[in-house]
Each structure stands twice: as C-alpha cells, then as structure tokens.
Protein chains: 2
Amino acid sequence: MKRPLIRKLEKFTRLSRADKEMLVRIAAQRIRRFAAREDIIHEGEKPEFINLVSEGWACRYKTLEDGRRQIIAFFLPGDLCDLNVFILKEMDHSIGAVTPVVVSEISRAAFDEMMIGHPRITQALWWESLVAAAIQREWTVNLGQRDALERMAHLLCELFIRLEAAGCTSDHSCEFPLTQTELGETLGMSTVHVNRTLQELRASNLIVLKDRTLTIPNLKALQDIALFNPNYLHLDREGSHLDANEE
Amino acid sequence: MKRPLIRKLEKFTRLSRADKEMLVRIAAQRIRRFAAREDIIHEGEKPEFINLVSEGWACRYKTLEDGRRQIIAFFLPGDLCDLNVFILKEMDHSIGAVTPVVVSEISRAAFDEMMIGHPRITQALWWESLVAAAIQREWTVNLGQRDALERMAHLLCELFIRLEAAGCTSDHSCEFPLTQTELGETLGMSTVHVNRTLQELRASNLIVLKDRTLTIPNLKALQDIALFNPNYLHLDREGSHLDANEE
DNA sequence: CGTCCCCTTGAATGAAGTCAATACGCGTGG
DNA sequence: CCACGCGTATTGACTTCATTCAAGGGGACG
C-alpha cells in the first residue's frame with residue numbers, strides 16, 4: 001500500500017536501492033494536503049512544481065465558459081502530473097482533489113538532480129509519462145467511439161487495473177470515491193444516464209458498486225463488453241532488459 | 001512554406017543559426033515517402049524512430065475489434081510523433097498518411113545528440129510535446145462536452161491555427177484534405193451528420209469548404225460558436241526570455 | 001461508359017438528454 | 001431526540017440530437 005509510485009515504476013523497470021531512496025527522499029521534500037473538491041492548481045496559474053499524488057484521488061479538468069465541466073484525467077496514488085510543465089507559461093486546465101489528497105511537490109531542481117544521477121528513474125518517469133499520454137489517447141477513443149455502456153465499462157476496467165498497479169486493490173475490489181456526477185463529467189454523459197448505465201452493469205452482474213466500493217467479480221467479462229485492450233497501459237515490464245544487477 | 005518545424009518552434013523560442021542547421025540536418029538524414037492512406041507505422045510494431053512530418057497530413061488512429069475507427073490526432077507539416085517513443089516495447093496505435101506525406105525519421109542516436117548539444121532545441125521540443133499533450137486533452141473536452149456543431153467548429157479552428165503556425169495558410173484559407181468520413185472518425189459522429197453539420201456552418205457563412213480548400217472568413221466568429229480558447233496551443237512565445245543573443 | 005469514391009438528402013429509428021419528482025443518508029442545530 | 005437541509009442516487013415521462021437506412025448525384029479515372 002505504501003509508495004505507490006515505486007510500485008508502479010517497477011512494473012516497468014527494476015530500481016536499485018539507491019533509486020528507491022532517491023524517490024522516497026524527493027517525495028518527502030515538500031508535502032501538501034488538500035480537502036476533497038479543493039483545487040491543487042488552477043487554470044491560468046504558472047506551474048512551478050511537478051505534483052505527485054501519494055494518497056487519494058485527484059483529477060485534471062477543464063470548464064467551458066458556459067459552465068460545462070469535463071474531467072480529463074484521474075490521478076491515482078503514485079501518479080505524477082506532467083513532467084516538464086515548468087516549460088509552459090501557464091496552466092491551460094485545473095487540477096483538483098476528488099477525495100482528500102496528499103501531494104508531493106517536486107521542484108525543478110530536484111527533478112533535474114534526479115535526471116542526472118538516476119538514469120533508471122529518468123527512464124521510468126518517461127515511461128510513466130508516455131503511458132499517461134496513451135491513456136489520454138484511449139479516452140479520446142472511448143468518448144469518440146464507444147456507447148454509454150461500453151464507455152462506462154472501459155473506464156471502470158482502466159481505473160481498476162491502474163489501482164492494481166499502484167497496490168490499491170484487494171482481491172476483486174477497490175475503493176471507488178467518484179460520484180455519479182463526476183462519472184458523467186468524465187464520460188460526457190448526463191447524471192441520469194450514468195445512473196441507468198450503472199444499473200445495467202449491475203443487472204448483468206458485471207459490477208457491484210455500493211458504499212464507495214467497487215467490486216468487479218469477473219474482470220475479463222467487463223473487459224469484453226468494453227472492448228478493453230490493456231496494451232495501452234504498457235504494464236508488461238518492457239524495460240526488464242534494463243534490470244539493475246544491484247538490489 | 002519551408003521548414004515548418006523550425007517555423008513552429010520559433011513560436012516558442014528563438015533558435016540560433018547552429019540550432020536551425022542542426023534541425024535541417026537531422027530532418028534530411030532519413031526521409032521516407034508514403035502514399036495517401038498508407039500506414040507509416042502500425043499498432044503492434046516496435047517504434048525505432050521519431051517521425052517528423054515535413055509535408056502532407058498524417059494521423060494517429062486506433063481501430064476497435066469490431067472495426068470502428070477513431071482518429072486520435074492529426075500530424076500537420078512540422079509535427080513530431082512522440083519523443084521518447086523508443087522506450088515503449090510496441091505501438092498501441094497506428095499512424096497513417098492522410099494525404100501523400102514526406103516523413104523524416106529521427107533515430108535515437110540523432111535525438112540524443114541533439115539533446116546534448118542543443119539545449120534550446122531540447123527545450124523547444126519539450127514544449128512541442130507538451131502542446132501535443134494539451135491538444136489531446138482538448139480533444140477529450142471536445143468529444144465529451146461539445147455538441148456536433150461546436151465540435152466541428154472547434155476542430156476547424158484548431159487545425160487552421162496550427163496550420164498558420166506552420167506557415168501553411170494564406171490569408172483566410174488553407175488546404176483541407178479531410179473527407180467527411182475522416183471528419184466523422186475524428187469527431188465521433190456519422191458521415192451523414194458531418195455533412196449536415198458542415199452545411200449548417202456554411203449556411204451561417206462561418207466557413208467555405210470546397211475543392212479541398214477551407215476558408216474561414218471570420219475566425220473570431222467561428223471560435224465563438226465553438227467556445228474555442230486558444231490558450232491550450234501555448235503559441236505566445238512563452239520562451240522568449242530564453243532568446244539567444246546570437247543569430 | 002462504367003465503376004468507385006465522396007457528397008448529399010429524406011425518412012424512420014434510436015440513444016441519450018432534460019425535466020421533475022422522490023428517496024436516502026448524514027450532519028447540524030434546535 | 002428529532003427536524004431540517006443538503007448532496008447524492010433513483011425513477012418516470014417526454015424531447016431532442018444524432019444514427020441508420022436508403023437512394024441519388026457528381027466527378028475522376030481506367
């Protein structure tokens with residue numbers, strides 16, 4: 001349950017003891033806590049840090065002039081906001097806490113230090129950011145091509161598998177703090193239709209969702225109706241040829 | 001019209017003569033041509049190069065098992081496919097030519113060399129890739145929140161402004177090679193509805209689209225109905241404080 | 001001259017949104 | 001302890017936007 005970032009990065013490569021200590025140290029440098037619904041950084045601000053979510057769920061979102069809101073991404077424990085953001089003059093979107101969250105702020109200096117002294121971490125972080133981009137692309141496919149039922153099923157599959165990689169699941173269950181309104185803002189559908197879609201998944205015994213806990217009795221079955229192909233998450237230790245000898 | 005990449009990067013930072021020569025040299029190393037509709041790289045392959053589109057339009061796309069296709073991104077002249085892709089074991093999507101295209105393949109070695117000797121270019125390329133990510137996010141918003149008319153208008157605004165940055169527009173017009181089927185695969189709507197939506201934009205005098213040429217007589221008006229905010233393209237010379245003294 | 005691809009149009013159908021009412025759990029304060 | 005308010009979930013009836021089906025038109029090319 002601890003150190004979800006390390007756990008996740010090790011899906012890609014093996015990290016040395018020194019690498020891990022570095023990551024722990026960096027994550028401890030500057031810690032901030034946010035209440036649910038609070039903004040971590042708001043559109044228009046100048047980004048000064050890379051944010052690492054170590055506990056809780058956060059999300060990226062954008063609001064249109066007329067108030068419509070789209071959730072663009074979820075940050076689960078161990079997830080990083082964009083590397084290199086400090087290159088941009090201002091945020092073009094906001095990042096908000098979904099649940100109460102604990103965030104580590106990584107300064108540009110700390111990041112550069114890590115890039116220089118720890119090539120294995122550097123590699124793993126680029127992998128992380130390529131996966132994040134792949135997830136964003138898959139969301140485009142999801143919104144563009146899948147109908148409501150498939151879309152919902154796909155999101156649930158993705159979140160569950162990502163939580164698993166971060167060590168945040170037990171058996172077939174995980175905490176699931178999203179409200180139906182938030183699901184709607186994520187999947188581009190009305191709350192009413194979110195509700196009906198969830199009912200349909202429940203009726204088919206594909207999910208149990210109750211008291212902020214999600215259970216997926218048969219992940220394969222849910223994947224099938226979602227046309228879910230996990231390849232875009234690149235969770236198959238592709239960097240294993242880089243394994244460190246030390247440990 | 002030449003060297004759209006350089007032209008685009010200079011929207012972000014000023015490049016020295018040596019930087020530009022480097023870019024020209026890199027782009028000339030390994031050139032490939034593709035016919036319209038041909039695949040540049042296909043899902044499942046191992047990416048070995050960073051592709052730079054120097055002429056023509058290409059697209060990223062994904063196909064679901066049942067044949068539905070979603071276009072995930074367009075590559076216009078001067079656009080690069082993901083930096084660092086070689087970290088991944090295999091492509092989770094395909095890249096195809098929309099029109100006949102000319103592509104420069106950039107090897108890992110050439111890329112690393114550039115990263116070391118040309119910090120200004122490095123910075124500019126990270127900017128490029130952050131902008132590409134921002135575009136992908138905006139597409140998520142587009143598909144999730146906007147209705148057909150807004151969605152179409154938004155895409156047209158984005159493409160026009162990006163073409164402008166690459167030096168591929170003249171006055172209020174640009175070449176526009178996409179078929180209505182491709183627009184549908186991009187915007188997640190049926191061809192029939194694409195057709196009707198275009199008609200509606202034409203009837204409001206917001207666009208002229210004929211013979212593969214798009215004219216936007218009043219970009220501001222089109223932006224308004226699209227709820228288009230160009231901030232996500234980060235085209236405002238944010239790196240100008242980094243301007244080189246040399247030229 | 002026929003074929004193929006792309007664009008266009010009409011009519012019928014369907015998926016998802018809107019509106020509105022109700023229910024439920026939970027915390028607060030009387 | 002109970003009443004109240006608030007946010008969230010649920011349900012039904014109706015509407016609207018978009019898809020599907022089907023047919024026809026036009027241009028490029030062999």
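Me: How far is a polar side-chain atom of B:Arg37 from a phosphate oxygen of DNA strand C?

Reply: Take N or O atoms as a polar contact when they lie within 3.5 Å. In this predicted model, the B:Arg37 side chain puts a polar atom 3.2 Å from a phosphate oxygen of DNA strand C.

Me: Which residues around DNA strand C come nearest?

Reply: A residue is near the strand if one of its heavy atoms lies within 4 Å. There are 17 around DNA strand C, and B:Gln180, B:Asn195, B:Arg196, B:Gln199 and B:Arg212 come nearest.

Me: Which helix gives the most to it?

Reply: H7(B) does, with five residues. Helix H7 (191-203) of chain A and helix H7 (191-203) of chain B each supply at least two.

Me: How do I read the fold of chain A?

Reply: Start with the elements: eight helices and 11 strands. The radius of gyration is 18 Å, close to the 18 Å from the globule rule for 247 residues, so chain A is as compact as a globular protein of that length. Its C-alpha trace spans about 50 × 45 × 30 Å along the principal axes.

Me: What share of chain A is buried?

Reply: Buried means under 20% relative accessible area. In chain A, 58% of the 247 residues are buried.

Key:
Residues are numbered from 1 along each chain as its sequence is written. Chains are lettered from A and ligands numbered from 1 in the order in which they are written. This is a predicted model: local features need pLDDT of at least 70, side-chain atom pairs count only at pLDDT 80 or more; totals for chains, interfaces and linings use all residues. Side-chain values use heavy atoms; hydrogens and water are left out. A polar contact is a pair of N or O atoms within 3.5 Å; within protein, one must be able to donate a hydrogen and the other to accept it, and residues adjacent in sequence count only if both atoms are side-chain atoms. Helices (H or I, at least four residues) and strands (E, at least two) are DSSP runs, numbered from the N terminus. The radius of gyration is taken over C-alpha atoms; the globule rule is 2.2 Å times the number of residues to the power 0.38. Buried means under 20% relative accessible area, exposed over 50%, partly exposed in between (1.4 Å probe, protein chains only).
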